[in-house]
Amino acid sequence: MWHQLVLWSCRQATLQGMLLAACFLFISRSKPLSELSKRRPLPNIFNLYTVLTVLLQFAVHFVCLVYLVLESKKLTPPREEEFVDLEKKFEMNLLNSTVYLIGMTMQVTTFAVNYKGHPFMASLRENKPLLISIVASFAAIGTMAAGLAPNLATQFEIVEFPPEFQKTLMAVLCLDFVIALCVDRTCDFLLGHARMHKF
């Protein structure tokens with residue numbers, strides 16, 4: 001992506017850092033439940049559930065990213081220079097804005113989908129600060145993608161998206177979250193329970 005001059009501005013990086021830092025902070029402050037659960041936790045992190053959900057979620061994010069990059073390139077004028085200027089400063093364009101929004105969506109989705117609440121920790125609804133930070137992050141992404149606040153988008157150097165591409169962008173951003181959530185919950189239902197060994 002770097003060789004395609006996909007860059008983020010200082011304001012974009014600052015916004016991303018603030019939103020993700022809030023998610024990290026409030027995850028670290030999550031509290032365990034006061035009562036022990038009858039469900040046993042998985043014995044280690046190298047189990048089929050963890051490996052499978054990580055790989056499948058990565059596949060979902062990767063497909064969404066590649067699809068949006070290819071769609072945005074169709075609407076982006078071809079480069080005039082023969083070689084890429086790697087020292088070139090950030091410029092607002094369709095590709096940069098698209099990659100920034102899908103990148104933010106993937107990272108916030110990772111927090112929302114992989115946070116494990118019950119039966120061992122407080123649920124996402126009970127962890128109000130984390131819930132608010134995730135909702136606020138999705139709201140900021142959705143607002144800029146939908147063009148609901150042009151001044152906000154301009155402030156963070158997001159271009160105005162063509163109407164048809166905007167519909168595609170919004171649909172893919174939503175699908176990225178929904179499919180990743182379905183993948184994780186399906187893997188958890190099928191493989192996320194530790195089994196008692198009989199001797």
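1. Overall fold. This is a predicted model. The protein has six helices and zero strands. Along the sequence the pattern reads α-α-α-α-α-α. Of its 199 residues, 36% count as buried.

2. Helix 3. Look at residues 94-114. This helix has 21 residues and reaches 30 Å from its first C-alpha to its last. That is close to the 30 Å expected at 1.5 Å a residue.

3. Where helix 3 sits. Of its 21 residues, 18 are buried, so helix 3 is largely enclosed by the rest of the structure. Buried here means under 20% relative accessible area.

4. The start of helix 3. Asparagine 93 caps the N-terminal end. One of its side-chain oxygens lies 3.1 Å from the backbone nitrogen of leucine 95.

5. The core. In soluble globular proteins, nonpolar side chains tend to be buried together. Here the largest nonpolar core has 41 residues. Leu101, Ile102, Ile134, Ile158, Phe161 and Leu169 have the most contacts inside it. At least two core residues come from each of helix 1 (10-28), helix 2, helix 3, helix 4 (128-146) and helix 6 (163-191). Helix 3 gives the largest share of this core, eleven residues.

6. Which residues make the nonpolar surface patch of about 490 Å²? They are Phe58, Phe62, Val63, Val66 and Leu70. Phenylalanine 62 lies in helix 2 (residues 48-74). Its relative accessibility is 46%, so phenylalanine 62 counts as partly exposed.

Key: Residues are numbered from 1 along each chain as its sequence is written. This is a predicted model: local features need pLDDT of at least 70, side-chain atom pairs count only at pLDDT 80 or more; totals for chains, interfaces and linings use all residues. Side-chain values use heavy atoms; hydrogens and water are left out. Helices (H or I, at least four residues) and strands (E, at least two) are DSSP runs, numbered from the N terminus. The expected span of a helix is 1.5 Å times one less than its number of residues. Buried means under 20% relative accessible area, exposed over 50%, partly exposed in between (1.4 Å probe, protein chains only). A polar contact is a pair of N or O atoms within 3.5 Å; within protein, one must be able to donate a hydrogen and the other to accept it, and residues adjacent in sequence count only if both atoms are side-chain atoms. Patches are made of residues with over 30% relative accessible area and no salt bridge: like charges are joined within 9 Å, nonpolar side chains (Val, Leu, Ile, Met, Phe, Trp, Tyr) within 5 Å. Accessible areas come from the Shrake-Rupley method with a 1.4 Å probe; for residues, only the protein chains shown count as cover. A salt bridge is a side-chain nitrogen of Lys or Arg within 4 Å of a carboxyl oxygen of Asp or Glu. A nonpolar core is a set of buried Ala, Val, Leu, Ile, Met, Phe, Trp, Tyr and Cys residues joined through side-chain atoms within 4.5 Å.
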